[in-house]
Amino acid sequence: MTIKEAQEKVDEWIKTIGVRYFSELTNMAILTEEVGELARVMARKYGEQSFKEGEKDNMADEMADVLWVLICLANQTGVNLTEALEKNIEKKTNRDKERHANNKKLQ
């Protein structure tokens with residue numbers, strides 16, 4: 001699935017099953033919550049914390065939740081994520097093409 005297709009699929013789901021989008025501010029709060037849930041899994045899987053009884057490694061699902069809400073916000077605010085990502089990669093390439101290669105910490 002392309003990013004464009006994902007944006008279309010989420011929009012179709014919202015309009016047919018989800019009734020309507022939550023407000024942008026509500027979705028921003030939900031995005032923050034979902035990132036926190038992903039952070040909890042990461043801390044337990046890669047950090048010093050351990051999974052509590054009943055918790056599971058559902059990192060992929062938590063990442064998908066983050067992506068879902070981000071796509072909702074993009075749809076609501078008229079952002080074409082394909083174009084935005086392409087421009088962002090170009091920006092990072094121009095800005096960092098020598099910076100990272102010359103960073104001794106990354107050698």
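Predicted model: local features only at pLDDT ≥ 70, side-chain atom pairs only at ≥ 80, totals over all residues.

I'd like to look at the largest pocket: how do the residues of its lining divide into nonpolar, polar and charged?

Reply: The lining of the largest pocket has 8 nonpolar residues, 2 polar ones and 3 charged ones. The space inside comes to about 170 Å³. There are 13 lining residues, and the ones closest to the centre of the pocket are Ile-14, Phe-22, Asn-27, Trp-68 and Cys-72.

Where does the lining come from? Helix 1 (3–16), helix 2 (24–45) and helix 3 (59–77) are the elements that each give two or more residues to it. Helix 3 gives the most, with 4 residues.

A pair of packed helices is described by the angle between the axes and the distance between them. For helix 1 and helix 4, the angle is about 145° and the axes are 8 Å apart. On the helix 1 side you'll find Ile-3, Lys-4 and Gln-7, which meet Leu-81, Thr-82 and Leu-85 of helix 4. That contact is made up of 3 nonpolar residues, 2 polar and 1 charged.

Thr-82 turns up again at the start of helix 4, where a side-chain oxygen of Asn-80 comes to within 3.0 Å of the backbone nitrogen of Thr-82. Helix 4 itself covers residues 81–96, so 16 residues, and spans 21 Å from first C-alpha to last, close to the 22 Å expected at 1.5 Å a residue.

Key
Residues numbered from 1 in each chain as written. Heavy atoms only, no water. Polar contact = N/O pair within 3.5 Å; in protein donor to acceptor, adjacent residues only side chain to side chain. 1 Å grid on protein atoms, 1.4 Å probe; cavity = no way out; pocket = protein on both sides within 12 Å on 5 of 7 lines; lining within 4 Å. Points joined across faces, edges and corners; volume = space filled by probe spheres on them. Nonpolar A, V, L, I, M, F, W, Y, C, P; charged D, E, K, R; others polar. Axes fitted to C-alpha atoms, helices over the stretch in contact; angles between N-to-C directions. Contact = heavy atoms within 4.5 Å.
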